[in-house]
Amino acid sequence: MTDESSGIGPPSASSIRPYLARHGDGPAQQADDGDDPNVSPLRPYLLTAGRSEPIDDTLEIEAQVLTNQLDAASAERLAFEHRDIVTLCATPVSVAEVAAKLRLHIGVARVLVADLAAAGYLVVRRPSSGLPEDLDMIEKVIRGLQDIR
Amino acid sequence: MDFKTYVEPTGREHRPPTPVKIVISGGFGVGKTTAVSAISEIPPLSTEAAITSVAAQIDRIGEVPAKTTTTVALDFGCITIDRDLKLYLFGTPGQDRFGFMWQDLSRGALGALVIVDTRRLDDCYPAVDYFEQIGLPHVVAINCFDGVLAHDLDDVRWALAISNDTPLITFDARDKLSVRDALLAVLRRTRDHAKERMLNRYRT
């Protein structure tokens, strides 16, 4: 195995938090394949304490995440990625945005968001289950799009 | 209750919007990211998802180097409909060897837009097949890069072998309003499906 993925060396020491370093500057790269050098070299299990499945492994990537204001103060006690997520979600964002903005693997973002929600730091709004058949909802989206000029 | 971890909010504003999504699909380099950028209110974001061992087996032999773990970029954007509703656009990863991810992307989606380049028609087959299989309302949209379609729409429909009730449209992935209209075509299809299902339920 000469593959770069076999490297277990120490993560490159960057003192800049990922979301500060590259916070949505410009369109994302077109590249459809992997090996993005900007992705954290930390192996995912280091961030999730060895778990790879979120508490609720069905958490949708479009699920909306918002910091629970009741707990914003105690977020000071959180470390690293946990605190970054709580800071980022001051306005509602999706799990996918958490992953993209913090340069986390989508699976890692799912685990961390589920953990923080279970601990009461985040409020999560998941898509409603009967959505594709909800005519009122569909009409609302149609009207919203029609308003785009 | 759809939001399991929902805590009683202190104010009305402290309530995340309901997310809905449309899947943007098609072959590699067909204009998916272009279409998302044209209409998204945020610059399209990209995130990584892993290819599972199951997916690794789908790799066509010879086409993919002997690399068993890799990641795939997932592009997406969003449009705020109103304070309580946000529409997400998720582009499926370009190559059909990443098809396994479509299940995740399609679950709960309102519908799908399959973008087609007439120079590489067969690139969109996996997408069309998949959405037909799972019964997700979809529209096939030919991306006319120069605004002109070099073929007859009926010829393209024949070549694609898509069913007669699947809408086939032309659009320009670079143009915001054109993308908007393509998404509206998807939603009208979604609405028709929802109505049909409702009628069927009344009949039985």
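## Where the two chains meet

Let's start at a helix-to-helix contact between the chains of this predicted model. On the chain A side, Leu135(A), Ile138(A), Val141(A), Ile142(A), Leu145(A) and Gln146(A) of α6(A) take part. Their partners in α6(B) are Arg180(B), Leu183(B), Leu184(B), Leu187(B), Thr190(B), Arg191(B) and Ala194(B). Sorted by class, the residues of this contact comprise nine nonpolar, two polar and two charged.

How do the two helices lie against each other? Packed helices in general are described by the angle between their axes and the distance between those axes. Here the angle between α6(A) and α6(B) is about 165°, and the axes are 10 Å apart. Angles over 145 degrees count as roughly antiparallel, and α6(A) and α6(B) are therefore roughly antiparallel to each other. The crossing of α6(A) past α6(B) is left-handed.

## A closer look at α6 of chain B

Helix α6(B) covers residues 176-203, which makes 28 residues. From first C-alpha to last it reaches 41 Å, close to the 40 Å expected at 1.5 Å a residue.

Which residues of α6(B) are buried? They are Ser178(B), Val179(B), Ala182(B), Leu183(B), Ala185(B), Val186(B), Leu187(B), Arg189(B), Thr190(B) and Ala194(B). The cover over these buried residues comes from both chains: it includes α6 (135-146) of chain A, and from chain B it includes β1 (18-26), α1 (32-39), β5 (111-116), β6 (138-143) and β7 (168-171). Leu183(B), one of the buried residues, is also among those that meet α6(A).

## Chain A as a whole

Now step back to chain A, which has six helices and three strands. Read from the N terminus, its elements follow the order α-α-β-α-β-α-α-β-α.

Of the 149 residues in chain A, 38% count as buried. Look next at contacts in chain A between residues at least 6 apart in sequence: 72% of these join residues at least 24 apart.

## A crossing inside chain A

Chain A also has a helix pair of its own to explore. Helix α3(A) (residues 80-88) and helix α5(A) (residues 106-118) have axes that come within 10 Å and cross at roughly 75°. Angles of 65 to 115 degrees count as roughly perpendicular, and α3(A) and α5(A) are therefore roughly perpendicular to each other.

Which residues make this contact? From α3(A) come Glu81(A), His82(A), Ile85(A) and Val86(A), and they meet Leu112(A), Val113(A) and Leu116(A) of α5(A). By class, the contact of α3(A) with α5(A) has five nonpolar residues, one polar and one charged.

Technical notes: Residues numbered from 1 in each chain as written. Chains lettered and ligands numbered in written order. Predicted model: local features only at pLDDT ≥ 70, side-chain atom pairs only at ≥ 80, totals over all residues. Axes fitted to C-alpha atoms, helices over the stretch in contact; angles between N-to-C directions. Helix = DSSP H or I, 4+ residues; strand = E, 2+ residues; numbered from the N terminus. Parallel < 35°, antiparallel > 145°, perpendicular 65-115°, else oblique. Contact = placed C-beta atoms within 7 Å. Nonpolar A, V, L, I, M, F, W, Y, C, P; charged D, E, K, R; others polar. Expected span 1.5 Å × (residues − 1). Buried ≥ 20, exposed ≤ 12 C-beta atoms within 10 Å, placed from the backbone. Left-handed = near helix turned anticlockwise from the far one by under 90°.
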